[in-house]
Amino acid sequence: MGIKVVATNRKATHDYRIIEKYESGIVLSGTEIKSIRNSNLSISESRVIINKGEAWLIGCHVAEYKFDSSSAIYDPIRERKLLLHKKQINRLGGAKSQQGLTIIPLAVYMKRNLVKIEIALARGKKKFDKRASIKAVSYTHLTLPTTPYV
């Protein structure tokens with residue numbers, strides 16, 4: 001039983017400098033889990049907030065499960081509670097109070113049939129930082145082989 005990555009936030013490493021990473025569980029309903037197993041979610045516009053000692057995922061879009069027969073009204077962008085230890089929540093809340101730090105989701109994956117989310121404490125990059133990281137990546141792709149030609 002390996003890990004199946006369901007969704008990633010590819011812009012996170014471009015827009016933010018990652019400081020610490022955490023693994024968390026998510027409180028979901030039954031149809032949301034079925035939808036996530038079909039990879040019908042997006043975390044690109046989402047973020048994490050700490051409110052009254054609890055961590056909440058805001059802006060995560062989980063599409064409605066198309067085979068659901070219930071007539072209940074479904075909100076795809078509702079707030080979802082994250083399951084973290086109290087010590088981790090206190091550390092994240094204290095660090096977030098510093099100016100310029102935010103908590104962002106990096107990936108959602110299935111681990112032993114449980115939906116997990118990888119979140120990170122991050123600092124936003126300035127425009128020149130983004131240019132420097134793009135330049136560093138492009139130089140690593142252009143390196144020449146180290147073996148001499150004979």
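**Rings and a helix**

Mentor: Start with F67. Its relative accessibility is 60%, so F67 counts as exposed. Keep in mind that this is a predicted model.

Trainee: How many aromatic pairs does a search of the whole structure find?

Mentor: One aromatic pair turns up. The rings belong to Y65 and F67, with centres 5.7 Å apart. Their planes sit at 70°, so the pair is edge-to-face.

Trainee: Why give both a distance and an angle?

Mentor: A pair of aromatic rings is described by the distance of the centres and the angle of the planes.

Trainee: New topic: helix α3. Which of its residues are buried?

Mentor: Helix α3 covers residues 86–96, and its buried residues are Q88, I89, L92 and A95. Down the helix axis they fall within an arc of 135°, so they line one face of α3.

Trainee: And on the other side of α3, which residues are exposed?

Mentor: K86 and K87 are exposed there.

Trainee: What covers the buried residues of α3?

Mentor: Strands, among them β2 (16–26), β4 (47–51) and β5 (54–58). The cover also includes β8 (101–111) and β9 (114–124).

Trainee: Where is K96, then?

Mentor: K96 is in helix α3 too. At 29% relative accessibility, K96 counts as partly exposed.

Trainee: What does K96 touch?

Mentor: Leaving out residues up to four places away in sequence, K96 touches V48, L101 and I103.

Trainee: How far apart are K96 and L121 in sequence and in space?

Mentor: They are 25 residues apart in sequence. In space, K96 and L121 are 7.8 Å apart, C-alpha to C-alpha.

How values were computed: Residues numbered from 1 in each chain as written. Predicted model: local features only at pLDDT ≥ 70, side-chain atom pairs only at ≥ 80, totals over all residues. Heavy atoms only, no water. Buried < 20%, exposed > 50% of the residue type's maximum accessible area, 1.4 Å probe, protein only. Helix = DSSP H or I, 4+ residues; strand = E, 2+ residues; numbered from the N terminus. Arc of directions from axis to C-beta. Contact = heavy atoms within 4.5 Å. Phe/Tyr/Trp six-rings, centres within 6.5 Å; stacked < 30°, edge-to-face > 60°.
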